[in-house]
Amino acid sequence: MYSPDGDGAITLSFLNVLNGEKSLAEHISIIAKRFIDQNNINLHSPLILFNRDGKTILWGTGTTSDNWFIKLWIVAKYPKIVLATYLSEQKNDEVKICDSIIDSFMFTF
């Protein structure tokens with residue numbers, strides 16, 4: 001998703017936990033590591049993991065191999081997981097809008 005007047009785009013992927021042997025935090029950490037490694041992302045700092053409003057959230061920022069800014073969020077409530085990324089040429093105020101979109105996620109099942 002993107003705004004025609006914006007600078008970047010947010011992408012969402014939806015996943016399910018298929019194996020209950022690991023904790024939800026372990027599942028999303030594995031997903032994050034795989035995504036970061038496969039996309040050659042250099043993190044600005046370690047990923048941050050926390051729980052809020054019944055959701056487990058992991059997020060961080062970095063740069064891609066071609067020096068684009070990326071923010072990654074993984075939001076989960078067992079067994080559902082949402083992987084979200086925001087990508088733009090450089091960090092800008094649009095990322096705050098994406099943060100509010102991510103914060104609004106609600107899991108109903």
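A: In the hairpin of E3 and E4, Asp-53 takes a positive phi near 55°. Two residues lie between the strands of this hairpin. The model is predicted, so local features need pLDDT of at least 70, side-chain atom pairs count only at pLDDT 80 or more, and totals for chains, interfaces and linings use all residues. Residues are numbered from 1 along each chain as its sequence is written, and side-chain values use heavy atoms, with hydrogens and water left out.

Strand E3 covers residues 48-52 and strand E4 covers residues 55-63. Helices (H or I, at least four residues) and strands (E, at least two) are DSSP runs, numbered from the N terminus. E3 and E4 run antiparallel, joined by five bridges. Two strands pair if DSSP finds at least two bridges between them. Asn-51 has Thr-56 of E4 as its bridge partner.

Now turn to another strand. Thr-85 sits in strand E6. Thr-85 is buried, with a relative accessible area of 10%. Buried means under 20% relative accessible area, exposed over 50%, and partly exposed in between (1.4 Å probe, protein chains only). Leaving out residues up to four places away in sequence, Thr-85 touches Ala-9, Ile-10, Thr-11, Phe-35, Ile-70, Lys-71, Leu-72 and Trp-73. Contact here means heavy atoms within 4.5 Å.
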